Amino acid sequence: MIPKIILGKGARVTRRLIGYLYGPGSANEHTDPHLVASWNGFAPDPGRSPHRNPKQVEDQLAAQLDQPVKMLGDKAPTTTVWHCPVRAAPEDPILTDAQWADIARRIVAAAGIAPEGDEEACRWVAVRHADDHIHIAATLVRQDGRRPRRDRDIRAVQREARQIETDLGLRRLNPGDGTAAKHPTSKEHFKAKRQGQDTTTREILRMRVRRAVAAASTETEFFALLEVTGVDVRPKIGPSGDVLGYSVALPGDLNRNGEPVWFSGSTLAGDLSLPKIRQRITATSPEPVTARPADPWHLATAAIERIPDHLSHSSDHIAQGQLVALGGTLDLLALTAPAAARSELERASSAFERATRSRITADADSARVLRHSVQTILRTPSTTLDGAGLAMLLDAALIAVAFAKHWHRTHQHAQQEAAAQQALVHLQTAYAHVAVPVLDDLARRTPGIQTKHRYARHLKQAAPDHADRILQDPAWDALATVLADAETAGHNPATLLDQGLGQRTLDNARNPARALTWRIHRLGQRHAPSPRAQAAMTRSTVRRPTTPSRPSAVTPTAIQPQQPQRRR
């Protein structure tokens with residue numbers, strides 16, 4: 001159940017609101033508008049007065065609501081109307097008028113508009129014009145001439161809505177912390193539906209702005225990327241000539257006057273205001289390159305593999321910064337993905353967007369490497385052709401998102417935890433679309449039986465606890481192929497197995513050979529050490545102690561992240 005408080009002011013604001021509630025709606029969606037409850041139980045009802053002119057009854061109702069306001073004359077407050085739509089979830093049963101009336105009384109009591117038993121409280125009405133919601137309209141002067149005490153009414157109303165869900169057996173929504181992006185309004189949904197679109201303009205713009213932020217290294221580049229992606233930009237210029245903010249619109253999205261519908265960055269999401277974007281871009285600007293750059297897919301994957309450790313052991317500010325960078329990575333990955341995985345990656349990034357914000361301030365500087373690596377990937381699409389880089393990165397991202405879910409749970413971020421779980425489901429589907437063709441191609445090039453037996457012996461020596469699982473895994477042929485490719489490039493396969501197994505435990509991996517394949521693939525593409533260096537590494541190789549298990553990267557529903565210990 002979703003309540004939403006809207007304040008109104010103006011000479012005829014009450015009359016306009018009543019007219020809207022009893023009117024046809026912006027898309028003729030209002031059906032049988034009528035009162036279900038009121039401050040006194042017998043307020044005039046334009047929807048149930050068949051022998052009177054409905055407009056006259058609307059006038060009478062608005063006048064009665066406004067009477068306490070009018071009595072104050074010039075001392076009346078500027079804001080005089082409190083409007084609260086209350087909507088049930090689509091899967092909830094259709095409630096009766098009596099149930100909606102009880103809900104309305106509980107909401108106005110919780111908000112301080114009309115506390116229970118207070119006969120001098122504000123005047124209010126609850127109008128129903130659809131099966132799934134009501135509108136509560138109240139005036140903000142009590143009948144004794146005082147102002148209502150509605151401190152923090154938004155949180156109070158949300159708490160009461162959660163209790164109503166429990167009491168009536170309705171779908172229970174997760175409590176929020178006030179950092180969620182603004183949801184599209186009913187009018188925006190109806191407009192999108194009339195235009196044959198599944199997504200509202202607000203949601204389209206939010207995603208495009210998020211991608212521009214993730215891809216940009218400078219403020220100038222941010223605005224340029226918006227224009228390239230088909231977004232109209234209107235900067236807000238201050239008296240000094242400096243850019244103070246911005247608004248965006250989609251070409252062709254017009255209001256009833258034929259003018260573009262503009263959205264400021266802060267109304268799309270709190271972290272998309274220009275000051276917040278500047279902080280993020282400045283903190284994560286790439287440092288000068290002093291050596292030959294490494295493969296950006298490898299750098300990004302390695303950075304994502306470090307996220308679980310940050311979430312488990314670093315400060316909350318660094319952890320939050322890692323989640324913001326992970327969200328930016330998911331925003332951009334869909335642009336590099338094959339068509340079969342693109343839609344699932346877009347759904348994953350859209351879901352995880354909620355998991356990137358909390359009341360904790362993000363340390364963006366800690367995620368500089370990840371952000372810069374993903375930007376490099378986007379600018380060099382030729383590196384994405386074989387699909388192995390994306391599969392490798394998604395394998396690491398599944399672990400990171402699972403730990404993000406656990407981190408939010410421990411911080412009691414219910415909405416963010418649910419968002420991370422939803423993102424996991426879409427990421428798993430996208431991973432299957434990307435990884436399976438790559439693994440099948442590797443398996444077709446698997447080496448001969450004698451070479452595979454040799455690798456199996458190395459594996460049993462390096463990981464006796466996991467060897468049987470890996471050898472029975474369907475991806476064993478692909479793992480043998482990447483070992484053979486690395487050996488051809490001059491690497492020692494036994495050393496690579498030790499290094500790959502030391503990166504992360506395989507205790508909970510449902511497909512251990514897949515996880516190890518991507519590690520060996522990445523290690524094998526590094527410059528091969530000289531024979532003398534290989535001999536030194538072989539002599540110094542010490543088996544790592546078994547580490548506590550981490551969540552599986554394969555089945556999101558089975559992931560139960562635990563707090564990993566630091567390796568010594």
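This is a predicted model: local features need pLDDT of at least 70, side-chain atom pairs count only at pLDDT 80 or more; totals for chains, interfaces and linings use all residues.

Entry, a helix pair. I looked up how helix α17 (residues 449-462) and helix α19 (residues 476-488) pack, and found an angle of about 95° with the axes 10 Å apart. That angle falls in my range, so α17 and α19 are roughly perpendicular to each other. Next I asked myself which residues of α17 meet α19. On the α17 side I listed Lys452, Arg454, Tyr455, Ala456 and Leu459. Their partners in α19 are Trp476, Asp477, Ala480, Leu483, Ala484 and Glu487. Sorting the residues of this contact by type, I got seven nonpolar and four charged, with no polar ones.

I turned to α12, which runs over residues 316-336 and has 21 residues. From first C-alpha to last, α12 reaches 31 Å, close to the 30 Å expected at 1.5 Å a residue. Is α12 mostly covered or mostly uncovered? I found α12 mostly covered, with 17 of its 21 residues buried.

Entry, the whole protein. I noted 22 helices and nine strands for the secondary structure. Of the 568 residues, 51% are buried. For contacts with a separation of 6 or more, I noted that 74% join residues 24 or more positions apart.

Technical notes: Residues are numbered from 1 along each chain as its sequence is written. Side-chain values use heavy atoms; hydrogens and water are left out. Helices (H or I, at least four residues) and strands (E, at least two) are DSSP runs, numbered from the N terminus. Buried means under 20% relative accessible area, exposed over 50%, partly exposed in between (1.4 Å probe, protein chains only). Contact means heavy atoms within 4.5 Å. Axes are lines fitted to C-alpha atoms, for helices over the stretch in contact, and angles run from 0 to 180 degrees between N-to-C directions. Angles under 35 degrees count as roughly parallel, over 145 as roughly antiparallel, 65 to 115 as roughly perpendicular and the rest as oblique. Ala, Val, Leu, Ile, Met, Phe, Trp, Tyr, Cys and Pro count as nonpolar, Asp, Glu, Lys and Arg as charged, and the others, Gly among them, as polar. The expected span of a helix is 1.5 Å times one less than its number of residues.
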